Amino acid sequence: MTQIGARPFQIRIREMRLSDLEQVICIEHEIFLFPWSIGNFSDSIKTGHHCQVMVQQQGAEPDTDLVMGYSILMIGPGEAHVLTLGMGYAWQNQGLGGEMLRYLIELSRKHQAEFILLDVRESNTGAANLYRRLGFQQIAVRKDYYPAMCGREDALIMRLEL
């Protein structure tokens with residue numbers, strides 16, 4: 001669990017639980033045209049990927065936390081891959097996505113990853129710019145990787161050396 005900055009309310013990053021998935025999937029549908037399914041998230045938890053949520057504490061009980069965002073990180077020998085990272089629309093452009101990504105970078109270092117990979121839609125300039133600000137560099141393009149409203153969209157493959 002990681003505590004986040006000086007805010008008028010308490011924010012923390014903690015392990016995602018199955019009980020968080022209803023809120024996670026609501027955010028997923030809010031911010032992505034082609035969202036992951038609840039099964040994708042459930043399988044990621046069960047597989048042992050590093051599944052995190054950023055929450056605002058609403059009370060003493062953990063099940064009362066408000067999920068603001070989430071991430072899933074897969075770590076293999078020498079490398080890490082950000083599978084997904086999302087912040088609820090109301091929480092975007094407040095630096096919280098950057099906080100989540102910095103958390104994933106530190107987690108990757110703790111697991112002795114040498115680099116982190118991620119894919120981002122070519123049209124998602126806000127996310128791509130955040131990744132660049134944190135040191136990620138574009139290393140390739142995956143042609144027609146993502147479904148789009150009118151066909152397919154390219155993915156930028158980005159890498160951060162640790």
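A: Start with one residue. Ser71 lies in strand 4, residues 66–76. Helices (H or I, at least four residues) and strands (E, at least two) are DSSP runs, numbered from the N terminus. This is a predicted model: local features need pLDDT of at least 70, side-chain atom pairs count only at pLDDT 80 or more, and totals for chains, interfaces and linings use all residues. Residues are numbered from 1 along each chain as its sequence is written, and side-chain values use heavy atoms, with hydrogens and water left out.

Q: Is Ser71 buried or exposed?

A: Buried means under 20% relative accessible area, exposed over 50%, partly exposed in between (1.4 Å probe, protein chains only). Ser71 is buried, at a relative accessible area of 0%.

Q: Which residues does Ser71 touch?

A: Contact means heavy atoms within 4.5 Å. Not counting residues up to four places away in sequence, Ser71 touches Met16, His50, Cys51, Gln52, Thr84, Leu85, Met100 and Leu104.

Q: How do I read a helix face?

A: An α-helix has 3.6 residues a turn, so residues three or four places apart point the same way. In helix 1 (residues 21–31), Leu21, Val24, Ile25, Ile27 and Glu28 are buried. They cover an arc of only 160° around the axis, so they sit on the same side of helix 1. The arc is that of the directions from the helix axis to the C-beta atoms.

Q: What do the buried residues of helix 1 pack against?

A: They pack against helix 2 (38–47), strand 3 (50–56), strand 4 and strand 5 (79–87). The face turned away from the buried side of helix 1 carries the exposed residues Glu22, Cys26 and His29.
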